[in-house]
Each structure stands twice: as C-alpha cells, then as structure tokens.
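Subject: Structure handover

Hi,

Here is the structure I promised to pass on. Please open it next to this email and follow along.

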Amino acid sequence: MIINETLQTIKNRRSIRSFKEEQITEEELQTVLEAGLYAPSAVNQQAWHFTVIQNQELLNRLNLHAKEAAKTFDDEHIRAMANNDKLHIFYGAPTVILVSGKETATSIESDCAAANENMLLAAESIGLGACWVNLILFLFYHPDANKFRQQLGIPDGFKPVCSVALGYKKANAVNAPARKPNRVHYIR
C-alpha cells in the first residue's frame with residue numbers, strides 16, 4: 001500500500017481528551033486555522049466562520065451551559081455525559097475553535113465538517129492534540145443561546161456546526177483500534 005507523510009498523519013490522528021494548560025502559540029493557531037480555510041466547500045462558497053476561544057473562564061461557562069441544555073436531550077448517552085460533573089466538554093483544552101456555517105449556503109454541514117477535519121489533521125501534523133467536540137452545539141439550545149451567539153461573535157445568518165478542542169497533548173495517544181471489516185463494496 002502507498003504511504004506518505006499525509007497518509008501517515010491521517011493514520012496517526014487520534015481524539016485527544018487530555019491537554020496541558022499551556023496555551024498554543026499564535027503561529028500554531030494560525031497554521032491550524034489556515035488548514036481549515038483551505039478545506040473544500042460546495043460551489044467554493046467557503047461559507048464558514050471560525051470563532052477562536054482562548055479565555056478559560058468563558059470556556060468553563062460554555063461547558064456548564066452546554067451541559068445544562070444537553071441534560072434534556074432525548075439520547076441517554078448525551079444525558080449521561082451532561083450529568084457527569086467530572087466531564088468538561090473541552091477536556092481542559094486551552095483553545096477551542098467553533099465552526100459555524102452560513103445558513104443559506106449550499107451544504108454547510110459538509111463544508112464545516114471538511115474544515116474541522118482539516119484542522120484536526122493540521123494539529124496532528126504539527127504535534128498538537130485535538131478533539132472534535134459537538135457537545136458545544138447544545139449551548140445553542142439553551143435559553144440564553146442568543147446571548148452566547150452575540151458573545152462569541154457568530155455573525156447573523158450563521159449556524160454553529162462543530163468545534164475543535166486544541167492544545168498540547170498531556171500524554172501520547174494510543175494506537176488506532178482495528179478498522180471494522182466489510183466497510184467497502186466494489187463494483188468494477
């Protein structure tokens with residue numbers, strides 16, 4: 001099988017859920033953001049907006065309010081996570097990048113997901129840890145959702161879609177679990 005640096009980065013990337021308190025550098029942040037900006041998008045609309053949050057007090061507040069809103073969700077697993085007092089939805093990461101998409105764009109969920117994945121891969125490629133975090137989305141079902149949208153500088157007409165928790169890894173990631181079989185069907 002062909003292997004190169006990019007493919008190795010893809011195979012090495014893991015969701016990191018334990019971060020050092022130290023803030024990442026501005027150069028590292030800009031590198032990750034640029035990778036997100038270079039993601040593919042439907043009709044090349046690039047209809048995303050990135051909100052970088054590095055204020056720990058704000059991240060702690062967002063954690064509490066998102067979990068509060070998630071406690072009423074239908075899914076038992078989500079409710080269990082929301083009721084876990086020890087869980088911080090950002091896992092102590094010093095930086096979170098919230099990805100929002102323009103609601104009138106052709107395919108915002110796919111576009112924002114592509115940008116998110118680019119940032120995850122860029123983080124791995126420069127030695128940072130990262131984790132895709134969707135629990136933050138419950139924040140926008142909270143009664144104070146509009147206040148949070150305004151505080152986070154989310155432009156009118158944009159919808160939060162996903163986020164990346166980002167920082168220095170506290171520990172090295174474990175090896176990848178085996179891939180599930182029979183996930184590819186060939187028609188030749």
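Cys 131 is buried, at a relative accessible area of 1%. (Buried means under 20% relative accessible area, exposed over 50%, and partly exposed in between, with a 1.4 Å probe and protein chains only.) Its sulfur has the sulfur of Cys 162 as the closest cysteine sulfur, 12 Å away, too far for a bond. Cys 162 is buried too, with 1% relative accessibility. For the sulfur of Cys 162, the closest cysteine sulfur is in Cys 112, at 5.6 Å, and that is also too far for a bond. A disulfide needs a pair of cysteine sulfur atoms within 2.5 Å. By this rule, the count is 0 disulfides.

A word on the source. This is a predicted model, where local features need pLDDT of at least 70 and side-chain atom pairs count only at pLDDT 80 or more, while totals for chains, interfaces and linings use all residues. Residues are numbered from 1 along each chain as its sequence is written, and side-chain values use heavy atoms, leaving out hydrogens and water.

Now the charged pairs. How many salt bridges does the structure hold? There are 4.

- Glu 57 and Arg 61 meet at 3.3 Å, N to O. Both sit in helix α3 (residues 56-70), 4 residues apart, about one turn of the helix. Glu 57 is exposed at 58% relative accessibility. Arg 61 is partly exposed at 30%.
- Glu 109 and Lys 159 meet at 3.0 Å, N to O. This pair links distant parts of the chain: Glu 109 is in helix α5 (residues 108-125) and Lys 159 in strand β4 (residues 158-167), 50 residues apart. Glu 109 is partly exposed at 41%, and so is Lys 159 at 34%.
- Asp 144 pairs with Lys 147, with 4.0 Å between the closest N and O atoms. Asp 144 is partly exposed at 31%. Lys 147 is partly exposed at 46%.

Helices (H or I, at least four residues) and strands (E, at least two) are DSSP runs, numbered from the N terminus.

Last, the annotation. An unreviewed UniProt entry marks residues 119-141 as "transmembrane region". Such annotations may be inferred rather than shown by experiment; positions follow the numbering used here, and feature names are shortened. In the model, the span of residues 119-141 is 30% helix and 17% strand. Its end C-alpha atoms lie 26 Å apart.

Best wishes

Notes: A salt bridge is a side-chain nitrogen of Lys or Arg within 4 Å of a carboxyl oxygen of Asp or Glu.
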